[in-house]
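Me: I'd like to learn how to read a protein structure, one feature at a time. Can you walk me through this one?

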Amino acid sequence: MSDEIGLQELRDKLDNIDNQLLTLLNNRMEIVHKVGELKAQSGGAIYRPEREQSIIQRLENLSKEQNGKLNKKAIETIFLEIFAVSRNLELPEKVAFLGPLGTYTHQMAESKFGGMSEYVAMNSINGVFKEVSSKRAKFGVIPIENSSSGIVNDTLMALNRYDLKIIANTKMPIHTTFSTNCKNISDIKKIYSKDVVFGQCREFLSEHNLDNVELVPVESTAKAVQIALKEPNSAAISSHIAATMYGLPIIFDNIEDDNSNNTEFIIISDFENQKSGSDSTAILAKLSKESGSLVKFLEHFYKADVNLTKIESHIIQQELIFYIEFDGHKDDENISPILQKHKDQVKVLGSYIKTIQEF
């Protein structure tokens, strides 16, 4: 009996804390509403990644001081959702992403913008950029690079074509699942997935004697699940979210050959970030064809003590373009003069908080 009384007392304390939390959250949203009104008058940006990251870092330090049980990941999980709710109260805005529903990009979009945001699945990367450029959506989420297959050329082409900015980027580990309605693997005659995904799961296919099964490439892993759900004697290799969303039984999880495989995603919009103190900047450089032009260009960064983190050459519309990333904000005192000097050769794609590993 005493145990039941003790348990009830603890439940009463939890209820009281929950009541206080609700009151504090409502108070926070009242202030958020006032902030939204001021931003609407001044045209300020609703989504401020550098501000959100600063809050999370401050709360992580506070939790450590308090010897609290909430680590950085837990704090991020809770407060990113609070931020997402706050943004929607300030100004409900659409988020376009490379669809369809159930893709890794969809998963990344929801992790950043929360369950309350309105999402628009687009059929192509160019479609996402067009949706944001036309202001039918405020934000766009697209992949820019995979650790195994490299930079996504369609994303670079769109960054070159549209006058939009990268306002955030993040990496997410890519884990794949094998799902099917078949009771026995030996009954499977076809497997659906994206062509590149088949190459990432060859060891699994060989280990389970699926080498001779017909591999059918489709436009997305979500589409693969939809087909396998209806077609007898078939299976799909997809993201966990896609198999779960469409209700296709998962037989094996994490079947990829390389567990370190990850994809980097970017968030695009029509505004620029302020400095956070821990930024990266991405640019496209169209340099002259004369010998040594790249070396001469990069020498400016060396003299300014700017750390270059990525340099890749690409052909975009039959023109050689260098995609370059470096530490620092475009408005930093040692960086701004370089960009200004080469303004006719450089397109600044955006400055944003340094890459954060998700999940």
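Reply: Buried means under 20% relative accessible area, exposed means over 50%, and partly exposed is in between, using a 1.4 Å probe and protein chains only. By that rule, Phe97 and Tyr119 are both buried. Keep in mind that this is a predicted model, where local features need pLDDT of at least 70, side-chain atom pairs count only at pLDDT 80 or more, and totals for chains, interfaces and linings use all residues. Residues are numbered from 1 along each chain as its sequence is written, and side-chain values use heavy atoms, with hydrogens and water left out.

Me: How many aromatic pairs are there by the ring rule?

Reply: A pair of aromatic rings is described by the distance of the centres and the angle of the planes. Rings of Phe, Tyr and Trp (its six-membered ring) pair if their centres lie within 6.5 Å; planes under 30 degrees apart are stacked, over 60 edge-to-face, and the rest tilted. The count here is 10 aromatic pairs. Take Phe97 and Tyr119: the ring centres are 6.4 Å apart and the planes are at 75°, so this pair is edge-to-face.

Me: Which parts does the pair of Phe97 and Tyr119 tie together?

Reply: For that you need the element names: helices (H or I, at least four residues) and strands (E, at least two) are DSSP runs, numbered from the N terminus. Phe97 sits in strand E1 (residues 94-98) and Tyr119 in strand E2 (residues 118-122), so the pair ties together parts 22 residues apart in sequence. Phe178 and Phe204 make another aromatic pair, a tilted one, with 5.3 Å centre to centre and 50° between the planes. Phe178 belongs to strand E6 (residues 177-180) and Phe204 to helix H8 (residues 202-207), so parts 26 residues apart in sequence are tied together. Phe178 and Phe204 are both buried. There's also an aromatic cluster, formed by Phe113, Phe139 and Phe271.

Me: Next, cysteines. How many disulfides does a search of the whole structure find?

Reply: A disulfide is a covalent bond between the sulfur atoms of two cysteines. The cut-off used is a pair of cysteine sulfur atoms within 2.5 Å. The search finds zero. Cys182, for example, is in no disulfide, and its nearest cysteine sulfur, in Cys201, is 18 Å away. Seen from Cys201, the closest cysteine sulfur is that of Cys182, and 18 Å is too far for a bond. Cys182 is buried at a relative accessible area of 15%, and Cys201 is buried at 0%.

Me: And pockets? How much space lies in the largest pocket?

Reply: Rolling a probe the size of a water molecule over the atoms shows where empty space is left. On a 1 Å grid over the protein atoms alone, a pocket is an open set of points where a 1.4 Å probe fits, with protein on both sides within 12 Å along at least five of seven lines; lining residues have an atom within 4 Å of a point. Grid points are joined across faces, edges and corners, and a volume is the space filled by probe spheres set on the points. The largest pocket holds about 780 Å³. It has 30 lining residues, with Leu98, Thr105, Pro143, Lys194 and Glu219 nearest its centre. Elements giving two or more residues to this lining include helix H4 (104-113), strand E3 (139-146) and strand E11 (262-269).

Me: What does strand E11 pair with?

Reply: Two strands pair if DSSP finds at least two bridges between them. E3 and E11 run antiparallel and are joined by six bridges, with Val141 opposite Ile267. Strand E5 (residues 165-173) also pairs with E11 in the antiparallel sense, over eight bridges, and there Lys171 stands opposite Glu264. E11 is mostly covered, with eight of its eight residues buried.

Me: Last one: where is there a cis peptide bond?

Reply: Look from Gly99 to Pro100, where omega is near 5°. Pro100 is in the loop between E1 and H4. Lys135 lies in the loop between helix H5 (125-133) and E3, and is exposed, with a relative accessible area of 60%.
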